[in-house]
Amino acid sequence: MNYTSWTFWILFALVIVRYWRLSHRHQNDLLLVASYFFYGFWDYRFLFLILISTIIDYIGGLGVAGIRLTTDRIRRLGVLTVGSAILLCANVRYPDLFQGFVELDRRRILEALPHTLRDFYIPFAVTAVCLTYGRALPWLYELPEAARRKYFLVISMVANLGILGFFKYFDFFIDNFRTLVTSMGFGEPSWTTLGILLPAGVSFYTFQAMSYTIDIYRGHTKPTLHFRDFALFVCFFPHLVAGPIMRAHTFLPQVVNPRRLAPGAFEQGLYLVVIGLFKKIVIADNMAVIANHLFNGFQHGEAATLTGLDVLVGVYAFAFQIYCDFSGYSSIARGISKWLGFELIINFNTPYLAVSPSDFWRRWHISLSTWLRDYLYVSLGGNRFGPLMTYRNLLITMLLGGLWHGANWTFFAWGFYHGAILCAYRLLNISDDIATESAAGRAYWLWRVFLMFHLTCIGWLLFRADSFASVWQMAALVATNPAVTLFAVSSFATIVFYCTLMFVLEWWLEGERRLDRLLTSNWLLRAPVYSYLVLMLVIFRAGEAHEFIYFQF
Amino acid sequence: MNLSTSSSSLNPLPKLALILVALFILLEVITRAVLFPMSLDFGRFVSYGERADALQSQAGLRVGFIGNSATEAGVDIDVLKDTLSTHGVLVPSVELFLADGSGINTWRVIMNHYFWKRGNAPDLVIITFFGPSLDDAREFEVGRLAQFFTDLEDWPELFQFDLVTTGQRVEWILASVWATYAARDRIKDRVLSLFVPNYKEYATALHDEGHRDALKKGAPRTSVVKSHRSLQSVLQRARKLGSRLLFVAYPMRDTQYTVHPDALRLIRDFGADYLDMRDLIDLEPTLYRDTYHLTATGKSIYTKRFAEVLAPMLRTLGRSGRLADTATGTTPVSGPVALPSSMK
């Protein structure tokens, strides 16, 4: 269920109507149930992964902080884990079971229940792990402080990265390893990929859960004793599947402490939701039609009639699509969080007005780039060990950042490309400080923005293309065939129609140096902007709704 | 740059809300007073009720054509009447009830709304289809359904057969009471055609390509799970009210399709007629404007051939509105064109 569906908004209205009438504890319980329900709409089986991640990090966080769980609590957590494994992973066919009960059909009920040993593999494995971990916990608690802290941290990291690695990268590595072995002349191995489904948002919630344990380890935050509070911290539905990735020290206190609807929060939330829906439904989904025409054409080998200008316009369309898709999601997430009394961090800050790669990453997917900076780049040594080590660390961070997006060599190349241009700007010592008081200064700023936007577009080409062969074909077309086509002209006009006013608004906000400047403007200025946004939402939404791109990450 | 969105000096919303409401009322007036009369489609839909009543009041055979834009581009009423006349058939009264891009679900509500609910029962209803148009659809142009082909009392049937997702249901309710919302696709097309060069050609190309991509991915936009509840409902009602149904499989350019066996079985079981025009005419690709639509010449050739095939059938169709059972071979077939074997 996503923000562009009516079902979501109807259910959200039911939640919020009840929400502000409840006590703080019950508010959290309602949000927890709602979060699991919204997530379970995609595939209820993957709720088990969230639960596993939650339980491991809950125990891990407390363990790092030196807080022991009582035997009774450990037992209850174990029962919860095994019970969830049976309910969610034992291949119970719930629709059939429900139908069987409705029709009082005994045979149908029995057929819907697990009936082979294979159905119980996961519950058996989970039980074994629970028993082992339960037995090991008293021993871990007795370790010297430094060792105990390290052990709990390592267990948390291994578990989270294990979940992420298995569901996101297992098939990819098997596939590539098989290709490698075959190409080395050892014959084709018989290993097969498992056809693993990717749980929505797995990269987001595992990173968030990991940051909790790391922050406790580093002394930046304190753990919570309330399991349900921590569970809500991990699975809070507005940002569960596509971020922003919140840190424990900023978000956990908001979960644990009572909340209130601040004055103006409703208006701010409404503004963010409308802007977000506009970006997604009007701009991103309409741009998707153009971008898909180009990239699917190359993917299906139907690109014979396309020219370099078509490629250029198609890549521009994708640049606007991915920005508006992702920042639209973040904006809606922030808006509905405000209505619930939460404050999520800003994830995008007019990124296409960046003047350099480092400036771009300060504006694009801020929660991920700061996560990578704080937990990976800094851990690798950052810029403390000279230029060469700095370049190495930048490249490693960006490579892993690219791979975080998905198991594909094109993402890897995208990460490498961004690492390389970060290094290049650093090597050339190109400053981000541009004096824009003079006309020459403004022209230089404009040139830098133009250049950075096109460097970013080259990255998007790598990001969106299905293979390096397609990237090469497209790049060759841009270089050799600038013919003007109907597609290029009409697509360019469509991009201008949908995107211009949005980016004029962003330019103005950049100049005003406040993203919420519009909220405090005179109503004579706000009225036409709001009218435009709502009119576009009603009339100019795309014919076909697309999933948010970042759900797949 | 200050990234905060917290502020203390917010203006109250009422003025802005009032402006938005005023804007939407203005737009609603413009849509109803200007856009509806300007739109060929909408003008046609508005007239369907009167035309169905007029057809019912005609003496002699009454024939209603149901279909989409392919029928419009394929059937020339004047040519049809002339050809029938030259084949010695008493010229029937004919009316077209068409909606672009429609399939059996929309045809069911059109027939329900303009024929059966108003007590109209044409002697013969000719339903021209292609591809999966007889399979239950999952996507609709909800706007015209809400504004023209249904009213609020139709919701139980609509929600059971057609609008099965919450989104579709909410859209139908909104479009029923809000003409601007119902007509938003047309408003969008009109505005974009002012801004985007060659918009119509461009949008059609992208739409067709999106459709092809969806088919390649194995996720056709219609009939994800093949079912034929709408077809069954149409057949049941037609039989009950005494209208004869003729289903015509329409030839597409360079595209072969198979009619779902369940649909064919239903047509046979309910005693309706089925005519596969793909077997009876071989149209050159040059006679098509695109995959579905014929040129003026193609239209004339197709209609002529169709009328030749139809003539013996109409000859047997009495004022009572019943055809002799062609499947059992009791229909007297005469005239220059023998009743084809594909007509069961």
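This is a predicted model: local features need pLDDT of at least 70, side-chain atom pairs count only at pLDDT 80 or more; totals for chains, interfaces and linings use all residues.
## Chain B overall

In chain B the secondary structure consists of 14 helices and five strands, and of its 344 residues 38% are buried.

One of the helices of chain B, α10(B), covers residues 184–195 and so counts 12 residues by the run assigned to it. From the first C-alpha to the last, α10(B) reaches 17 Å, close to the 16 Å expected at 1.5 Å a residue. Within α10(B), the buried residues are B:Arg186, B:Ile187 and B:Leu192.

## The contact between chains A and B

Chain A brings 35 residues to the contact, and chain B brings 36 residues. On the side of chain A that touches chain B, at least two residues each come from α1 (6–19), α12 (265–299), α20 (486–512) and α21 (523–539), and α21(A) gives the most, with eight residues. Sorted by class, the residues on this side of chain A are 17 nonpolar, 12 polar and six charged.

## The pair α16(A) and α17(A)

Within chain A, helix α16 (residues 386–405) packs with helix α17 (residues 409–427) at an angle of about 150 degrees, their axes lying 7 Å apart. Because angles over 145 degrees count as roughly antiparallel, α16(A) is described as roughly antiparallel to α17(A). The crossing in which α16(A) passes α17(A) is right-handed.

From α16(A), the residues that make the contact include A:Tyr391, A:Leu394, A:Leu395 and A:Met398, while those from α17(A) include A:Phe411, A:Phe412, A:Trp414 and A:Leu422. Glycines also take part, among them A:Gly401 and A:Gly402 of α16(A) and A:Gly415 and A:Gly419 of α17(A). By class, the contact of α16(A) with α17(A) holds 13 nonpolar and six polar residues, with no charged residues.

## Helix α13(A)

Helix α13 of chain A runs over residues 308–339, a total of 32 residues, and reaches 46 Å from its first C-alpha to its last, close to the 46 Å expected at 1.5 Å a residue. Of the 32 residues of α13(A), 31 are buried, so this helix is largely enclosed by the rest of the structure. After α13(A) comes A:Gly341, which has a positive phi, near 90 degrees.

Notes: Residues are numbered from 1 along each chain as its sequence is written. Chains are lettered from A and ligands numbered from 1 in the order in which they are written. Helices (H or I, at least four residues) and strands (E, at least two) are DSSP runs, numbered from the N terminus. A residue is buried if 20 or more other C-beta atoms lie within 10 Å of its own, exposed if 12 or fewer, and partly exposed in between; C-beta atoms are placed from the backbone. Axes are lines fitted to C-alpha atoms, for helices over the stretch in contact, and angles run from 0 to 180 degrees between N-to-C directions. Angles under 35 degrees count as roughly parallel, over 145 as roughly antiparallel, 65 to 115 as roughly perpendicular and the rest as oblique. A crossing is left-handed if the near helix is turned anticlockwise from the far one by less than a right angle, and right-handed if clockwise. Two residues are in contact if their C-beta atoms, placed from the backbone, lie within 7 Å. Ala, Val, Leu, Ile, Met, Phe, Trp, Tyr, Cys and Pro count as nonpolar, Asp, Glu, Lys and Arg as charged, and the others, Gly among them, as polar. The expected span of a helix is 1.5 Å times one less than its number of residues.
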